[in-house]
Amino acid sequence: MERRFDALFLGMLNFDISVAGFAAEMCSRKQSYVPRIALGTGGDAVNCAAAFQQFGGKAAICGRIGNDLQGRALTDALQRCGVDTHALVIDPQRGTGTVVNLIQGDNEASYVASLGANAAFCDADVPDELLRQAKLVCVNSLFGCGALTAEVLRRARACGALTAADTTTPPSDAALSQIAPYLAHLDYFLPSMGEARQLTGENDPVAAAEIFRRLGAKNVVIKLGGDGCYYDTETARGHLDGLRIRPVDFTGCGDNFAGAFLAALTSGHEILSCVTAANAAGARAAEVLGAAAPACTLEELDIYSQQHQKGKPQ
């Protein structure tokens with residue numbers, strides 16, 4: 001059967017408002033000024049699908065949005081970058097998820113979010129007919145996918161697709177047992193080290209990856225922020241150093257990392273090439289305000305990676 005899409009992305013769809021130069025003391029003032037406020041697309045599935053598409057893959061997305069200005073803006077932005085949006089579900093009762101990113105002096109953001117329609121996303125929104133059209137199915141927002149269960153990954157595999165997943169920031173009481181059913185149906189799991197630490201209690205990415213693989217994930221790649229990534233797969237394992245950059249905003253770095261990794265993977269690249277592209281995509285995303293990095297190709301990511309090795313002159 002010919003598949004229409006290289007990857008189908010399932011998860012959160014948000015309209016982002018990014019506030020640069022925020023400081024906590026502003027909350028006690030009636031009015032404050034900041035250097036810049038940017039509007040854009042957001043949500044793990046949106047960011048990852050857009051990155052995957054720009055790196056040469058053919059992406060489709062499925063999730064819930066509201067019948068509102070934010071939902072129409074998200075749909076338009078996705079279509080303009082080539083992502084197929086026919087499977088988006090318009091929720092008649094809830095608004096589109098919206099996030100305010102308050103970016104402070106260390107370039108880390110605090111978030112104020114309304115889940116909106118994301119909270120109602122469920123297995124029934126993802127029919128087998130849709131799953132059969134994709135070579136790979138990625139759940140981008142574990143802990144943020146409403147009522148979407150591990151059953152969708154089981155069905156994806158039954159339909160002949162590879163499976164992958166990432167997590168959104170887990171709640172403070174999140175437990176490994178909550179994602180164990182998903183891991184049992186995963187070919188690739190792509191958490192951050194912070195998420196891995198919270199779920200496993202391990203500070204060492206090697207130990208955390210071993211736990212995820214014991215629970216069923218065939219391949220694990222753990223994002224280490226400025227320290228690069230650690231990969232433990234069926235064919236190779238190792239650590240890839242981070243790159244030398246001047247960060248502006250870390251919003252969406254992990255999603256761009258995942259999008260590049262999966263684009264390289266579905267293009268037939270070996271694992272080291274996949275993580276090299278992912279490392280570069282995450283780094284590039286940190287150099288701009290908001291989640292969407294400037295468009296480039298996998299080949300350009302390789303050049304960027306070579307140019308930004310730590311230890312090279314700036």
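The conversation below takes up the pocket, then a pair of helices, then one further helix.

Modeller: This is a predicted model, in which local features need pLDDT of at least 70 and side-chain atom pairs count only at pLDDT 80 or more, while totals for chains, interfaces and linings use all residues. Residues are numbered from 1 along each chain as its sequence is written, and side-chain values use heavy atoms, with hydrogens and water left out.

Biologist: How much space lies in the largest pocket?

Modeller: About 1300 Å³. A pocket here is an open set of points on a 1 Å grid over the protein atoms alone, where a 1.4 Å probe fits, with protein on both sides within 12 Å along at least five of seven lines. The volume is the space filled by probe spheres set on the points.

Biologist: Which residues lie nearest its centre?

Modeller: Y111, F250, G252, C253 and G254, out of 47 lining residues; lining means having an atom within 4 Å of a point.

Biologist: Which element gives the largest share of the lining?

Modeller: Helix α6 does, with five residues. Helices are DSSP runs (H or I, at least four residues).

Biologist: At what angle do α6 and α7 cross?

Modeller: Roughly 65°, with their axes, lines fitted to C-alpha atoms over the stretch in contact, coming within 10 Å. The contact (heavy atoms within 4.5 Å) is made by M193, A196 and T200 of α6 with P205, A208, I211 and F212 of α7.

Biologist: Changing topic, how many residues of α1 are buried?

Modeller: Nine of its 11 residues are buried, meaning under 20% relative accessible area with a 1.4 Å probe, protein chains only. Among them are D44, F52 and Q53.

Terms used. Helix = DSSP H or I, 4+ residues; strand = E, 2+ residues; numbered from the N terminus. Axes fitted to C-alpha atoms, helices over the stretch in contact; angles between N-to-C directions. Buried < 20%, exposed > 50% of the residue type's maximum accessible area, 1.4 Å probe, protein only.
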